[in-house]
Amino acid sequence: MNRGFRDSTPFSNSASLSTSCSNGVCMMRSTWRDEQHPSFLNFISCFLKENSFRLNIVPIAPDFIFNCGGLSVAFMFLTNWDGVDTESFYRKVQKLKEQFANFYVVITLPTKEQNDSLIHSYIKYGVRLGRPTFVPVRDLEMGFEKIVKIAHARGACKRQDALAKIKAEKEKSVQAMEIYLQVVTSIPGVDSHGANVLNQTIGSIEAIAKSSKEYLLETTDLSPTTAETITRFFRDPKFYLAPKIG
């Protein structure tokens with residue numbers, strides 16, 4: 001199949017690009033690869049390498065699956081609209097849409113006639129707008145660039161969400177520790193050092209409350225007086241009914 005590309009070395013089944021700092025993994029369907037001109041495959045190889053994606057050739061259902069930022073994004077990449085069996089095409093689109101939460105259809109449509117034909121079939125088969133998202137492009141290179149940009153953008157959003165969750169959990173943990181220190185340092189004779197020692201060796205406030213004087217002395221470096229005070233604090237009403245918090 002010749003589409004005017006320059007000759008270049010084709011991919012092999014073991015084709016794989018490794019990078020020192022990878023944005024993710026691009027999995028290409030092996031049978032889709034076999035249908036493409038070597039020069040276009042060479043363009044894909046170079047573009048992925050420049051954008052720090054590792055490439056694997058695998059027998060998958062969609063033409064591409066990108067794994068980046070903990071998210072999988074699937075693509076159908078139709079490189080030639082002319083002569084397409086539209087019924088089979090939309091049946092496959094529907095099947096892949098059900099299999100992948102993040103699925104896009106990229107189609108090269110260099111002429112107005114091809115674009116009009118796609119729109120007509122889109123309406124005919126009752127495709128819901130955005131379910132999945134169709135991405136018309138003028139040429140093959142633009143199509144693949146769009147694929148990589150979409151995958152990268154979706155992965156970046158996923159990473160940002162993950163970082164936001166980590167930050168929220170960290171803030172929650174810090175707040176919990178602040179409350180812990182506030183409560184434990186309200187025990188007479190227990191300072192911040194003692195509170196941190198109890199946190200690292202005994203754990204929760206509930207665990208401290210259940211600990212005996214002997215156990216506190218055995219597992220911490222607290223003085224006998226402090227250990228005695230802690231056990232009395234959680235057992236003697238004179239202590240636990242009037243904690244000095246703050």
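The report below goes through the salt bridges of this model.

## The model and its salt bridges

The structure is a predicted model, and a search through the whole of it finds six salt bridges. Among them are the pairs D63 with R29, D116 with K112, and E206 with K210.

## A buried pair between a loop and a strand

D63 and R29 form a salt bridge in which the closest N and O atoms are 2.6 Å apart. D63 sits in the loop between β2 (53-58) and β3 (64-68), while R29 belongs to strand β1 (residues 24-29), so the pair ties together parts that are 34 residues apart in sequence. Both D63 and R29 are buried.

## A pair within helix α4

In helix α4 (residues 112-124), D116 and K112 are four residues apart, a separation of about one helical turn, and their side chains meet in a salt bridge with an N to O distance of 2.8 Å. D116 is partly exposed, its relative accessible area being 35%, whereas K112 is exposed, with a relative accessible area of 59%.

## A pair within helix α7

E206 and K210 lie in helix α7 (residues 205-210), where they are four residues apart and thus separated by about one helical turn. Their side chains meet in a salt bridge, with 3.2 Å from N to O. E206 counts as exposed at 54% relative accessibility, and K210 counts as exposed at 63%.

Methods
Residues are numbered from 1 along each chain as its sequence is written. This is a predicted model: local features need pLDDT of at least 70, side-chain atom pairs count only at pLDDT 80 or more; totals for chains, interfaces and linings use all residues. Side-chain values use heavy atoms; hydrogens and water are left out. A salt bridge is a side-chain nitrogen of Lys or Arg within 4 Å of a carboxyl oxygen of Asp or Glu. Helices (H or I, at least four residues) and strands (E, at least two) are DSSP runs, numbered from the N terminus. Buried means under 20% relative accessible area, exposed over 50%, partly exposed in between (1.4 Å probe, protein chains only).
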